[in-house]
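Dear colleague,

I am handing over the structure below, and I would be glad if you could look through it alongside the notes that follow.

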Amino acid sequence: QVQLVESGGGLVQPGGSLRLSCSASGFAFSTRAMHWYRQAPGKERELVASIDIAGTPTYYVDSVKGRFTISRDNAKNTVYLQMSSLKPGDTAVYYCKRSGTSPWGQGTQVTVSS
């Protein structure tokens, strides 16, 4: 079955960086666009970034443009989210998802705080 396992979250100071990873299994990873979402406390889940099957980023939410970079390694069935210049407003649980019908993983918590 489809499995998505996010990792790499943690506590970081404002201005710091983190790289999130999402390991995928149970489907042909290289044939699906992939997405990163996040959900902050008390807020709706929002789409943060998307990447097509060739590895070209196709979307960033305005609030992360210039700070976050999505990438993928089809040989490793993994999608990444490099986050830099982190702000307290980036605090959320981050999830990856494939295009089309997809379960949600458990997510990885990112907390930006001094």
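A residue is called buried here if its relative accessible area is under 20%, exposed if that value is over 50%, and partly exposed in between. Please keep in mind throughout that this is a predicted model.

With that cut-off, Phe27 is buried because its relative accessible area is 15%, and Phe29, at 2% relative accessibility, counts as buried as well. The rings of these two residues, Phe27 and Phe29, have their centres 6.3 Å apart and their planes at 50°, so the pair is classed as tilted. A second ring pair is formed by Tyr95 and Trp104, whose centres lie 5.7 Å apart with the planes at 75°, so this one is edge-to-face. Here the two partners fall into separate classes of accessibility: Tyr95 counts as buried at 11%, whereas Trp104, at 37%, counts as partly exposed. Ring pairs also bring in Tyr37, so that Tyr37, Tyr95 and Trp104 are linked into a cluster. The count of aromatic pairs comes to 3.

As for the secondary structure, the protein chain has 10 strands and 0 helices, and its pattern along the sequence is accordingly β-β-β-β-β-β-β-β-β-β. An open sheet of 6 strands has the order 2-10-9-4-5-6, and its pairing is mixed. At its edges are strand 2 (10-12) and strand 6 (57-60), each of which pairs on one side only. Neighbouring strands of this sheet are turned against each other by 25° on average, with direction ignored. Strand 6 runs antiparallel to strand 5 (residues 46-51), to which it is joined by 3 bridges, and Tyr60 in strand 6 is the bridge partner of Ala49.

Turning to the chain as a whole, a compact globule with 114 residues would have a radius of gyration near 13 Å, and the protein chain has 13 Å, which agrees. Its C-alpha atoms fill a box of roughly 40 × 25 × 20 Å, taken along the principal axes. Of the 114 residues, 43% count as buried, while the chain exposes about 5700 Å², of which carbon and sulfur atoms supply 49%. Finally, among the contacts between residues at least 6 apart in sequence, 52% join residues that are at least 24 apart.

With kind regards

How values were computed: Residues numbered from 1 in each chain as written. Predicted model: local features only at pLDDT ≥ 70, side-chain atom pairs only at ≥ 80, totals over all residues. Heavy atoms only, no water. Pairing = 2+ DSSP bridges. Helix = DSSP H or I, 4+ residues; strand = E, 2+ residues; numbered from the N terminus. Axes fitted to C-alpha atoms, helices over the stretch in contact; angles between N-to-C directions. Rg over C-alpha atoms; globule rule 2.2 N^0.38 Å. Buried < 20%, exposed > 50% of the residue type's maximum accessible area, 1.4 Å probe, protein only. Contact = heavy atoms within 4.5 Å. Areas by Shrake-Rupley, 256 points an atom, 1.4 Å probe, with all protein chains shown as cover. Phe/Tyr/Trp six-rings, centres within 6.5 Å; stacked < 30°, edge-to-face > 60°.
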